[in-house]
Amino acid sequence: MTIDIKKADGVWTLTFNRPDRMNAINEPMSVELLDFFEGLRRNQDVRVIIVTGEGRAFNAGADLKAIGTPDALRDGPKGDWRLRDTIKAMRACPQPIISLVNGAAAGGGLALALASDIIIASTKASFVPAFIKIGLSGSELGVSWRLQRTMGISKAREFLFTSRPMSAEQALENGIVSAVVEPDELIAYGDQLAADMLQAAPDALRVTKRTLDAALEMADPALLMELEERSQSSFVRRNIRGRAG
(Lines give C-alpha, C1' and ligand atoms only; values in the text may rest on other atoms or scores of the structure.)
Protein backbone atom coordinates (compact mmCIF):
# COMPACT_ATOMS: atom_id res chain seq x y z
CA MET A 1 0.00 0.00 0.00
CA THR A 2 1.23 3.49 -0.87
CA ILE A 3 -0.97 5.14 1.76
CA ASP A 4 -1.52 4.20 5.38
CA ILE A 5 -4.92 4.73 7.04
CA LYS A 6 -5.17 5.00 10.82
CA LYS A 7 -8.74 4.79 12.12
CA ALA A 8 -9.57 6.29 15.49
CA ASP A 9 -12.92 7.33 16.99
CA GLY A 10 -14.41 9.74 14.45
CA VAL A 11 -11.00 10.68 12.99
CA TRP A 12 -9.14 8.92 10.19
CA THR A 13 -5.54 9.81 9.39
CA LEU A 14 -4.20 9.23 5.89
CA THR A 15 -0.40 9.12 5.60
CA PHE A 16 1.36 9.14 2.24
CA ASN A 17 3.69 6.18 2.63
CA ARG A 18 6.45 6.27 0.01
CA PRO A 19 9.15 8.04 2.05
CA ASP A 20 11.95 6.72 -0.18
CA ARG A 21 10.38 8.72 -3.06
CA MET A 22 9.35 11.73 -0.94
CA ASN A 23 5.81 10.30 -1.11
CA ALA A 24 5.60 11.05 -4.84
CA ILE A 25 2.41 9.98 -6.59
CA ASN A 26 2.60 6.90 -8.80
CA GLU A 27 -0.27 5.02 -10.42
CA PRO A 28 -0.99 2.75 -7.41
CA MET A 29 -1.12 5.77 -5.08
CA SER A 30 -3.47 7.66 -7.40
CA VAL A 31 -5.86 4.68 -7.41
CA GLU A 32 -5.73 4.32 -3.63
CA LEU A 33 -6.27 8.05 -3.03
CA LEU A 34 -9.33 8.25 -5.25
CA ASP A 35 -10.84 5.11 -3.72
CA PHE A 36 -10.28 6.48 -0.22
CA PHE A 37 -11.85 9.91 -0.74
CA GLU A 38 -14.76 8.65 -2.84
CA GLY A 39 -15.52 6.15 -0.10
CA LEU A 40 -16.01 8.92 2.46
CA ARG A 41 -19.01 10.52 0.81
CA ARG A 42 -21.64 8.51 2.69
CA ASN A 43 -19.54 7.45 5.67
CA GLN A 44 -21.16 8.87 8.81
CA ASP A 45 -18.78 7.18 11.24
CA VAL A 46 -15.76 9.28 10.30
CA ARG A 47 -16.15 12.99 10.99
CA VAL A 48 -12.67 14.47 10.44
CA ILE A 49 -9.86 13.51 8.05
CA ILE A 50 -6.16 14.24 8.71
CA VAL A 51 -3.64 14.00 5.86
CA THR A 52 0.14 13.96 6.29
CA GLY A 53 3.31 12.40 4.89
CA GLU A 54 5.76 9.78 6.14
CA GLY A 55 9.38 10.87 6.39
CA ARG A 56 10.78 14.22 5.32
CA ALA A 57 8.19 15.21 2.71
CA PHE A 58 4.45 15.77 2.62
CA ASN A 59 4.07 14.86 -1.05
CA ALA A 60 6.44 15.65 -3.93
CA GLY A 61 3.81 15.41 -6.69
CA ALA A 62 4.01 13.08 -9.68
CA ASP A 63 6.76 10.47 -9.51
CA LEU A 64 8.72 11.38 -12.63
CA LYS A 65 11.29 8.64 -11.99
CA ALA A 66 8.56 6.04 -12.50
CA ILE A 67 8.08 7.07 -16.14
CA GLY A 68 8.60 4.04 -18.37
CA THR A 69 7.68 1.58 -15.62
CA PRO A 70 4.34 -0.16 -14.94
CA ASP A 71 3.84 2.09 -11.89
CA ALA A 72 4.10 5.34 -13.87
CA LEU A 73 1.28 7.78 -13.21
CA ARG A 74 -1.10 7.67 -16.17
CA ASP A 75 -2.98 10.80 -15.21
CA GLY A 76 -3.31 13.46 -17.91
CA PRO A 77 -4.70 14.22 -21.35
CA LYS A 78 -3.73 10.80 -22.75
CA GLY A 79 -4.79 8.78 -19.74
CA ASP A 80 -7.05 8.95 -16.72
CA TRP A 81 -7.95 12.15 -14.89
CA ARG A 82 -7.62 10.44 -11.55
CA LEU A 83 -5.87 13.27 -9.69
CA ARG A 84 -8.49 15.75 -10.86
CA ASP A 85 -11.20 13.38 -9.66
CA THR A 86 -9.40 12.98 -6.32
CA ILE A 87 -9.37 16.75 -5.78
CA LYS A 88 -13.09 16.84 -6.59
CA ALA A 89 -13.73 13.94 -4.20
CA MET A 90 -11.86 15.77 -1.41
CA ARG A 91 -14.15 18.76 -1.80
CA ALA A 92 -17.25 16.60 -2.16
CA CYS A 93 -16.61 14.48 0.92
CA PRO A 94 -18.53 15.99 3.85
CA GLN A 95 -15.76 15.63 6.43
CA PRO A 96 -13.40 18.57 7.10
CA ILE A 97 -9.89 17.70 5.90
CA ILE A 98 -6.81 18.85 7.85
CA SER A 99 -3.48 18.67 6.02
CA LEU A 100 -0.40 18.51 8.26
CA VAL A 101 2.39 19.54 5.90
CA ASN A 102 5.55 18.09 7.40
CA GLY A 103 7.94 18.82 4.51
CA ALA A 104 7.83 19.61 0.80
CA ALA A 105 4.41 19.90 -0.84
CA ALA A 106 5.20 20.20 -4.54
CA GLY A 107 3.17 20.02 -7.74
CA GLY A 108 0.35 17.55 -7.26
CA GLY A 109 1.27 17.35 -3.58
CA LEU A 110 0.63 21.08 -3.27
CA ALA A 111 -2.72 20.62 -5.02
CA LEU A 112 -3.69 17.91 -2.52
CA ALA A 113 -2.79 20.16 0.42
CA LEU A 114 -4.77 23.07 -1.07
CA ALA A 115 -7.80 20.82 -1.55
CA SER A 116 -8.05 20.37 2.20
CA ASP A 117 -10.01 22.68 4.50
CA ILE A 118 -7.26 23.56 6.96
CA ILE A 119 -3.50 23.45 6.44
CA ILE A 120 -1.01 23.34 9.32
CA ALA A 121 2.69 23.51 8.46
CA SER A 122 5.83 22.30 10.15
CA THR A 123 8.70 24.77 10.27
CA LYS A 124 10.40 22.45 7.75
CA ALA A 125 7.53 22.64 5.26
CA SER A 126 7.85 24.21 1.82
CA PHE A 127 5.31 24.83 -0.91
CA VAL A 128 6.31 24.57 -4.58
CA PRO A 129 3.93 24.81 -7.59
CA ALA A 130 6.50 23.03 -9.85
CA PHE A 131 4.03 22.65 -12.75
CA ILE A 132 5.62 25.19 -15.11
CA LYS A 133 9.09 23.72 -14.55
CA ILE A 134 7.99 20.35 -15.94
CA GLY A 135 6.21 21.83 -18.94
CA LEU A 136 2.67 22.03 -17.57
CA SER A 137 0.31 24.94 -16.99
CA GLY A 138 1.10 26.70 -13.72
CA SER A 139 -2.53 26.44 -12.66
CA GLU A 140 -2.96 22.66 -12.70
CA LEU A 141 -5.45 20.79 -10.53
CA GLY A 142 -7.34 23.84 -9.31
CA VAL A 143 -4.49 25.42 -7.34
CA SER A 144 -5.25 28.85 -8.84
CA TRP A 145 -8.77 28.79 -7.39
CA ARG A 146 -7.57 28.71 -3.78
CA LEU A 147 -4.33 30.67 -4.15
CA GLN A 148 -5.92 33.71 -5.77
CA ARG A 149 -8.53 33.76 -3.00
CA THR A 150 -5.93 33.58 -0.23
CA MET A 151 -2.81 35.36 -1.52
CA GLY A 152 -4.46 37.84 -3.85
CA ILE A 153 -4.10 37.99 -7.61
CA SER A 154 -0.61 39.48 -7.94
CA LYS A 155 1.12 37.28 -5.34
CA ALA A 156 -0.63 34.11 -6.50
CA ARG A 157 0.32 34.72 -10.11
CA GLU A 158 3.93 35.48 -9.23
CA PHE A 159 4.05 32.24 -7.23
CA LEU A 160 2.61 30.17 -10.10
CA PHE A 161 4.55 31.87 -12.91
CA THR A 162 7.94 31.52 -11.18
CA SER A 163 7.50 28.28 -9.16
CA ARG A 164 9.70 29.75 -6.45
CA PRO A 165 9.53 27.68 -3.25
CA MET A 166 7.57 29.25 -0.41
CA SER A 167 8.61 28.64 3.18
CA ALA A 168 6.21 27.77 5.98
CA GLU A 169 6.49 31.28 7.44
CA GLN A 170 5.77 32.86 4.05
CA ALA A 171 2.78 30.56 3.65
CA LEU A 172 1.50 31.76 7.02
CA GLU A 173 1.96 35.40 6.02
CA ASN A 174 0.07 34.75 2.78
CA GLY A 175 -2.84 33.02 4.50
CA ILE A 176 -2.21 29.61 2.94
CA VAL A 177 -1.70 27.90 6.30
CA SER A 178 -3.39 28.48 9.67
CA ALA A 179 -0.36 27.86 11.85
CA VAL A 180 3.32 26.89 11.80
CA VAL A 181 4.61 24.55 14.52
CA GLU A 182 7.77 22.64 15.31
CA PRO A 183 8.08 19.25 13.53
CA ASP A 184 7.68 17.22 16.71
CA GLU A 185 4.49 19.12 17.59
CA LEU A 186 2.75 18.78 14.23
CA ILE A 187 0.81 15.54 14.79
CA ALA A 188 -0.30 16.53 18.29
CA TYR A 189 -1.48 19.89 16.96
CA GLY A 190 -3.55 18.19 14.27
CA ASP A 191 -4.98 15.66 16.71
CA GLN A 192 -6.06 18.43 19.08
CA LEU A 193 -7.63 20.38 16.21
CA ALA A 194 -9.61 17.28 15.22
CA ALA A 195 -10.63 16.68 18.85
CA ASP A 196 -11.95 20.24 19.09
CA MET A 197 -14.00 19.69 15.94
CA LEU A 198 -15.52 16.52 17.37
CA GLN A 199 -17.17 18.64 20.07
CA ALA A 200 -19.64 19.78 17.41
CA ALA A 201 -23.04 18.13 16.98
CA PRO A 202 -23.01 15.10 14.62
CA ASP A 203 -23.98 16.84 11.38
CA ALA A 204 -22.66 20.32 12.19
CA LEU A 205 -19.28 19.81 10.53
CA ARG A 206 -20.85 18.45 7.33
CA VAL A 207 -23.38 21.28 7.03
CA THR A 208 -20.74 23.91 7.79
CA LYS A 209 -18.30 22.58 5.18
CA ARG A 210 -21.02 22.49 2.52
CA THR A 211 -22.16 26.04 3.34
CA LEU A 212 -18.63 27.47 3.46
CA ASP A 213 -17.87 26.03 0.03
CA ALA A 214 -21.11 27.46 -1.35
CA ALA A 215 -20.25 30.87 0.11
CA LEU A 216 -17.11 31.06 -2.01
CA GLU A 217 -19.19 30.67 -5.16
CA MET A 218 -22.05 33.05 -4.42
CA ALA A 219 -21.83 36.68 -5.46
CA ASP A 220 -25.11 37.64 -3.77
CA PRO A 221 -24.94 37.48 0.06
CA ALA A 222 -28.74 37.34 0.19
CA LEU A 223 -28.65 33.97 -1.60
CA LEU A 224 -26.01 32.76 0.82
CA MET A 225 -28.07 33.75 3.85
CA GLU A 226 -31.05 31.89 2.39
CA LEU A 227 -28.92 28.76 1.93
CA GLU A 228 -27.55 29.08 5.46
CA GLU A 229 -31.07 29.48 6.87
CA ARG A 230 -32.34 26.39 5.02
CA SER A 231 -29.33 24.35 6.16
CA GLN A 232 -29.68 25.52 9.74
CA SER A 233 -33.42 24.80 9.84
CA SER A 234 -32.89 21.29 8.49
CA PHE A 235 -30.07 20.73 10.97
CA VAL A 236 -32.17 21.91 13.93
CA ARG A 237 -35.12 19.71 12.92
CA ARG A 238 -32.87 16.62 12.75
CA ASN A 239 -31.41 17.37 16.17
CA ILE A 240 -34.86 17.85 17.71
CA ARG A 241 -36.03 14.54 16.24
CA GLY A 242 -32.87 12.87 17.52
CA ARG A 243 -33.40 14.12 21.07
CA ALA A 244 -37.09 13.19 20.96
CA GLY A 245 -36.16 9.63 19.93
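**Entry 1: a charge over a ring**

A charge sits over a ring if NZ of Lys or CZ of Arg is within 6 Å of the ring centre and within 35 degrees of the ring normal. I am working from a predicted model. With that definition in hand, I looked up Lys7. I found Lys7 over the face of Trp12, 4.4 Å from the ring centre.

**Entry 2: aromatic pairs**

A pair of aromatic rings is described by the distance of the centres and the angle of the planes. How many aromatic pairs does the structure hold? I noted three. One of them is formed by Trp12 and Phe36, with 6.3 Å from centre to centre and 40° between the planes, and this pair is tilted. I then checked where the two residues lie. Trp12 belongs to strand β2 (residues 11–16) and Phe36 to helix α1 (residues 27–38), so the pair ties together parts that are 24 residues apart in sequence.

Next I turned to Phe36 and Phe37. Their rings also form a pair, and this one is edge-to-face: I wrote down 5.0 Å centre to centre and 80° between the planes.

Are Trp12 and Phe36 buried or exposed? Both are buried. I looked up Phe37 as well, and Phe37 is buried too.

**Entry 3: salt bridges**

Side chains of opposite charge can pair when their charged atoms come close. I looked up the count for the whole structure and found nine salt bridges.

I began with Glu27 and Arg82, whose side chains meet in a salt bridge of 2.5 Å, N to O. Which parts of the chain does this pair link? Glu27 is in helix α1 and Arg82 is in helix α2 (residues 82–92), so I recorded a link between distant parts of the chain, 55 residues apart. Both Glu27 and Arg82 are buried.

My next salt bridge was the one between Asp85 and Arg84, where the closest N and O atoms are 3.3 Å apart. I checked the accessibility of each partner. Asp85 has 25% relative accessibility and counts as partly exposed. Arg84 is partly exposed as well, at a relative accessible area of 38%.

I also looked up Glu158 and Arg164, which meet through their side chains in a salt bridge of 3.0 Å, N to O. Glu158 has a relative accessible area of 41%, so I listed Glu158 as partly exposed.

Methods:
Residues are numbered from 1 along each chain as its sequence is written. This is a predicted model: local features need pLDDT of at least 70, side-chain atom pairs count only at pLDDT 80 or more; totals for chains, interfaces and linings use all residues. Side-chain values use heavy atoms; hydrogens and water are left out. Rings of Phe, Tyr and Trp (its six-membered ring) pair if their centres lie within 6.5 Å; planes under 30 degrees apart count as stacked, over 60 as edge-to-face and the rest as tilted. Helices (H or I, at least four residues) and strands (E, at least two) are DSSP runs, numbered from the N terminus. Buried means under 20% relative accessible area, exposed over 50%, partly exposed in between (1.4 Å probe, protein chains only). A salt bridge is a side-chain nitrogen of Lys or Arg within 4 Å of a carboxyl oxygen of Asp or Glu.
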